[in-house]
Amino acid sequence: LATAGSIAFAQATPVGLWKTIDDETKAEKSLVRVTDNAGVLTGKIEKLLDPAKQNDVCDKCTDDRKDKPILGMTIITGVKQSASAADIFDGGHILDPNDGKVYKVRLSPADGGKKLDVRGYIGMPMLGRTQTWLRVE
């Protein structure tokens, strides 16, 4: 039972490999690997799915990622499990490499951990937009 519980818990966290889906075009964009380092989650672009974008750089970024390759870029930083809800991970930031903007982020596993609702926002979570990512592994 302990092993089954740990497997279920692992699937109910954002940790893993995710296929990103554009919330407007519904196109598959990239694979992002979310990792846990001492309770702090980060997400890095592991693969770009559009062959024409393999060499794209973040020319609109305004921080140390400016003009750096999008492939391999860390786009999620500083996320931790919420103290108020076990199924919400927040407190960090997410970069949109398309416009170079950095947003606050809330990650919420859904559908038994098969999906991840990624909400980027400014100010309050209700003032933002959500993408649903699909678990690859």
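Is Ala12 buried, partly exposed or exposed? At 33% relative accessibility, Ala12 counts as partly exposed, where buried means under 20% relative accessible area, exposed means over 50%, and partly exposed lies in between (1.4 Å probe, protein chains only). The model is predicted: local features need pLDDT of at least 70, side-chain atom pairs count only at pLDDT 80 or more, and totals for chains, interfaces and linings use all residues. Residues are numbered from 1 along each chain as its sequence is written, and side-chain values use heavy atoms, with hydrogens and water left out.

Ala12 is located in the loop between helix 1 (2-11) and strand 1 (16-21); helices (H or I, at least four residues) and strands (E, at least two) are DSSP runs, numbered from the N terminus. Contact means heavy atoms within 4.5 Å. Not counting residues up to four places away in sequence, Ala12 touches Phe89, Pro109 and Gly113. Between Ala12 and Asp87 there are 75 residues of separation in sequence, while their C-alpha atoms are 7.3 Å apart in space.

Eight of them close into a barrel with antiparallel pairing, in the order 1-2-3-4-5-6-7-8, two strands being paired if DSSP finds at least two bridges between them. From one strand to the next the twist averages 30°, with axes taken as lines fitted to C-alpha atoms (for helices over the stretch in contact) and angles running from 0 to 180 degrees between N-to-C directions. Strand 2 (residues 28-37) and strand 3 (residues 40-48) run antiparallel and are joined by eight bridges. Val34 has Gly43 in strand 3 as its bridge partner.

A nonpolar core is a set of buried Ala, Val, Leu, Ile, Met, Phe, Trp, Tyr and Cys residues joined through side-chain atoms within 4.5 Å. The largest such core has 22 residues, of which Ile75, Val79, Ile94, Leu107, Val118 and Trp133 touch the most other members. At least two residues of this core come from each of strand 2, strand 3, strand 4 (74-81), strand 5 (89-96), strand 6 (101-110) and strand 7 (115-121). Leaving aside neighbours within four places in sequence, Val118 is in contact with Ile94, Val105, Arg106, Leu107, Arg129, Thr130, Gln131 and Trp133.

Side chains of opposite charge can pair when their charged atoms come close. A salt bridge is a side-chain nitrogen of Lys or Arg within 4 Å of a carboxyl oxygen of Asp or Glu, and by this rule the count comes to seven. One of them joins Arg33 and Glu46, at 2.7 Å from N to O. This pair links distant parts of the chain, with Arg33 in strand 2 and Glu46 in strand 3, 13 residues apart. Arg33 also forms a salt bridge with Glu137, the closest N and O atoms being 2.9 Å apart. Glu137 lies in the segment after strand 8 (128-135) and Arg33 in strand 2, so this pair ties together parts that are 104 residues apart in sequence. Within it, Arg33 is partly exposed at 24% relative accessibility, Glu46 is partly exposed at 41%, and Glu137 is exposed at 52%.

Another salt bridge brings together the side chains of Asp90 and Arg106 (3.7 Å, N to O). Because Asp90 lies in strand 5 and Arg106 in strand 6, the pair ties together parts that are 16 residues apart in sequence. Asp90 is buried, with a relative accessible area of 18%, whereas Arg106 counts as partly exposed at 26% relative accessibility.
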